Amino acid sequence: MRIAIGTGFILLIPLVLTLLASWHWRPGAFVLAFVLLFGGAGLTYGLVAKKMMSNKAYRFAVGVALAAAFILVWMNAAVGGILGDDPANMMYFGVLLVGFIGAVIARLEPQGMSRALFATAFAMVLVPAIALIIGTPAFANGVVAVFGLHSFFAMLFVASAFLFRRANAHRL
């Protein structure tokens, strides 16, 4: 129930801005945002963080990883893709798949989750390099801007990995 209420409060921001004509969200964007916030991030956080409720570093690590994944999916699904309108954006689902498979293999244990998030960060750094090699026309904003944005996401995943390491140290 708290997750649904929190999602509703978060969605009040774009609703008010849309009503004030500052933003122009369509109904489908609200539905997508609700599904991603409530189902994707909220419920996942509730289920995963429940495993170690007493370990604050673990809960924070889960939150950082889910926030990075949420923003990554949102930027590609609603904003129009980090790499522009290009099929190369499908590589981001590969990045998230690396994290998901790593989490399954790690069975959500902090040490394994740390490794999974480091692998996810590495996969994130590979995306613009691969896009540049295959000649994706998405570098209109400049190579530095594209690599900078990818570095930002990679650093979020690395921060989560270090938090999982800390959670493992506190657990022992």
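1. A friendly word on the basis. This is a predicted model, in which local features need pLDDT of at least 70 and side-chain atom pairs count only at pLDDT 80 or more, while totals for chains, interfaces and linings use all residues. Residues are numbered from 1 along each chain as its sequence is written, and side-chain values use heavy atoms, with hydrogens and water left out.

2. Overall fold. The chain has six helices and zero strands, and its elements run α-α-α-α-α-α from the N terminus on. Helices (H or I, at least four residues) and strands (E, at least two) are DSSP runs, numbered from the N terminus. Of the 172 residues in the chain, 38% are buried. Contact means heavy atoms within 4.5 Å; among contacts between residues at least 6 apart in sequence, 65% join residues at least 24 apart.

3. Helix 4, length and faces. At 1.5 Å a residue, the 16 residues of helix 4 should span 22 Å, and its end C-alpha atoms are 23 Å apart, which agrees. The expected span here is 1.5 Å times one less than the number of residues. Which residues of helix 4 are buried? They are Y92, V95, G99, G102, A103 and A106. These cover an arc of only 100° around the axis, which puts them on the same side of helix 4; the arc is that of the directions from the helix axis to the C-beta atoms. On the other side, F100, V104 and I105 are exposed.

4. L96, also in helix 4. With a relative accessible area of 22%, L96 is partly exposed. Not counting residues up to four places away in sequence, L96 touches A69, L72 and V73. The C-alpha atoms of L96 and L72 are separated by 9.0 Å, although the two are 24 residues apart along the chain.

5. T120, in helix 5. T120 counts as buried, at 2% relative accessibility. Leaving aside neighbours within four places in sequence, T120 is in contact with V95, V98, G99 and F157.

6. Most residues other than glycine have a negative phi. R107 follows helix 4 and has a positive phi of about 55° although it is not a glycine. L108, found in the loop between helix 4 and helix 5, has a positive phi too, near 65°. R107 is exposed, with a relative accessible area of 66%, whereas L108 is partly exposed at 25%.

7. The largest pocket. Its volume is about 570 Å³, and 22 residues line it, of which T44, A65, L66, A69 and F100 lie nearest its centre. On a 1 Å grid over the protein atoms alone, a pocket is an open set of points where a 1.4 Å probe fits, with protein on both sides within 12 Å along at least five of seven lines; lining residues have an atom within 4 Å of a point. Grid points are joined across faces, edges and corners, and the volume is the space filled by probe spheres set on the points.

8. What lines the pocket. Helix 2 (27-49), helix 3 (56-77), helix 4 (91-106), helix 5 (110-134) and helix 6 (143-171) each supply at least two lining residues, with the largest share, six residues, coming from helix 3. By class, the lining has 18 nonpolar, four polar and no charged residues. Here Ala, Val, Leu, Ile, Met, Phe, Trp, Tyr, Cys and Pro count as nonpolar, Asp, Glu, Lys and Arg as charged, and the others, Gly among them, as polar.

Terms used. Buried < 20%, exposed > 50% of the residue type's maximum accessible area, 1.4 Å probe, protein only.
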